[in-house]
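Welcome! Have the sequence and the 3D view ready, and let us walk through them together.

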Amino acid sequence: MSANHRHPALLATDPELASFVAAEESLQAETLRLIPSENYVSAAVLEASGTVLQNKYSEGYPGRRYYEGQQNIDRVEALAVERAKGLFGVDHANVQPYSGSPANLAVYLAFAKPGDTVMGMALPMGGHLTHGWGVSATGSWFRGVQYGVRPEDGRIDYDAVRALALAERPKIIFCGGTALPRTIDFAAFASIAEEAGSVLVADVAHIAGLIAGGAHPSPVGHVDVVSTTTHKTLRGPRGAMLMCREEHAKAIDKAVFPGLQGGPHNQTTAGIAVALHEAAQPAFTAYAHAVVANAKALAAALLERGFDLVSGGTDNHLILMDLTSRGVAGKVAAKALDRAGIVVNYNTVPFDPRKPFDPSGIRIGTPSLTSRGLTAEHMPVVADWISRAVDAAAKGDEPALAAVRREVADLMAAFPAPGLPL
Ligand SMILES: *Cc1c(COP(=O)(O)O)cnc(C)c1O
């Protein structure tokens, strides 16, 4: 059966667009997807995200809407909220933010005024744009001060974070990031934020699924607000949630709507509800632990093959590779890996001497391959492919990349991905 038959109406109305979707389905099926912020949603999440709930306007919150006809929408959103509260053990959850960046903007709106000092991890050290980095609105409307990692071991220096926080007294401190291979010490951040008089936000976009599955400590009980996307390790649709104690509930809700957004994307809320239900099952706990076990096994196999890993390894789903010693720039390696059927992103490494658009590293992770059922025993093979492709990139050896691509496609065919046509 052709992949196109999965979308018969789309195929009939817009064959050009349908062909792009079918091509993407094939690409996601045949390649080894190692971008740590990506995943495969289940068929159930995919179905919920494509429902007629999308036809409904529902500004406001369950029971307090500005439009009529909310009897079903209210149930959907209330269910998503209850599931988020249960899964993460929080007093309050807002499931309406359109994505992680708008969710973080809502946090600024709730707790700071333009020009206030805010603090987060620097982007080139592994932080996120929205943690006060200059090119982001959060770094131009607020005064961003930034911490990093130690040059010796690539880990956060909590004494330096405390010194900066006490010197700057930021309104908000963000912990969390996009390229952090190590466990975040939420208790340490909490004591710093308390001393500095700051609102503490844990942005767990990358690790929310690991937290839900018990494979990373939870920030709940340590921080004022938890911000997360729903589409990374949590394996839901593209969206976000803000969670907090009851005392901050009003401020967070007001900031999301009417402060920043209009009508929530109800089809996404439905997909989030399904993903949260899936994440509460024992199988998801096993998944979260397998993600970490796979990442540790992959890191060990890469170290054996002589690769330099920032911080020397990983505690979570993510590995940051510094390719300097292999004589290949991150972008050249990423593009070669792509031709070999292995999808990664090029990434700065801490203290990178190269430019952000042409940095020294690549960032990889195990959420997607774990969703397909690969286990630790496959990780030496994956490390071999990466090693061969990086060496081929250095030598411009295209036949070697093509050979890896065939081997990748063979293994991937044996591990069908959730949500994709067989
Ligand atoms: C992915 C990510 C975001 C932003 O999410 P988008 O949905 O891409 O806007 C925010 N913070 C962190 C730490 C992230 O990893």
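This is a predicted model: local features need pLDDT of at least 70, side-chain atom pairs count only at pLDDT 80 or more; totals for chains, interfaces and linings use all residues.

## Where the ligand sits

Residues are numbered from 1 along each chain as its sequence is written, and side-chain values use heavy atoms, with hydrogens and water left out.

## Who surrounds the ligand

There are 13 residues around the ligand, and Ser99, Ser101, Asp203, His206 and Lys232 come nearest. Here, a residue counts as near if one of its heavy atoms lies within 4 Å of the molecule. Sorted by class, this shell holds 10 polar, 2 charged and 1 nonpolar residues; Asp, Glu, Lys and Arg count as charged, Ala, Val, Leu, Ile, Met, Phe, Trp, Tyr, Cys and Pro as nonpolar, and the others, Gly among them, as polar. Helix 5 (residues 100–111) gives the largest share of the shell, 3 residues. Helices (H or I, at least four residues) and strands (E, at least two) are DSSP runs, numbered from the N terminus.

Now look at the polar contacts, which are pairs of N or O atoms within 3.5 Å. An oxygen atom of the ligand is 2.4 Å from a polar side-chain atom of Ser99, and one is 2.9 Å from a backbone N or O atom of Gly100. In the side chain of Lys232, an N or O atom lies 2.7 Å from a ligand oxygen atom. Taken alone, the ligand exposes 380 Å², of which the protein buries 86% (areas from the Shrake-Rupley method with a 1.4 Å probe).

Four strands form an open sheet in the order 11-12-15-14, with antiparallel pairing; strands pair if DSSP finds at least two bridges between them. Which strands stand at the edges? They are strand 11 (308–309) and strand 14 (345–347), each with a single partner strand, so one side of each has no neighbour in the sheet.

Strand 11 pairs with strand 12 (residues 318–322) over 2 bridges, and Leu309 stands opposite Met321 in strand 12.

Most peptide bonds are trans, and most residues other than glycine have a negative phi. Phe257 and Pro258, however, are joined by a cis peptide bond, with omega about 10°; Pro258 belongs to helix 10 (residues 246–260). Arg169 is not a glycine, yet its phi is positive, about 45°. Arg169 lies in the loop between helix 7 (158–168) and strand 7 (172–175).

How values were computed. A polar contact is a pair of N or O atoms within 3.5 Å; within protein, one must be able to donate a hydrogen and the other to accept it, and residues adjacent in sequence count only if both atoms are side-chain atoms.
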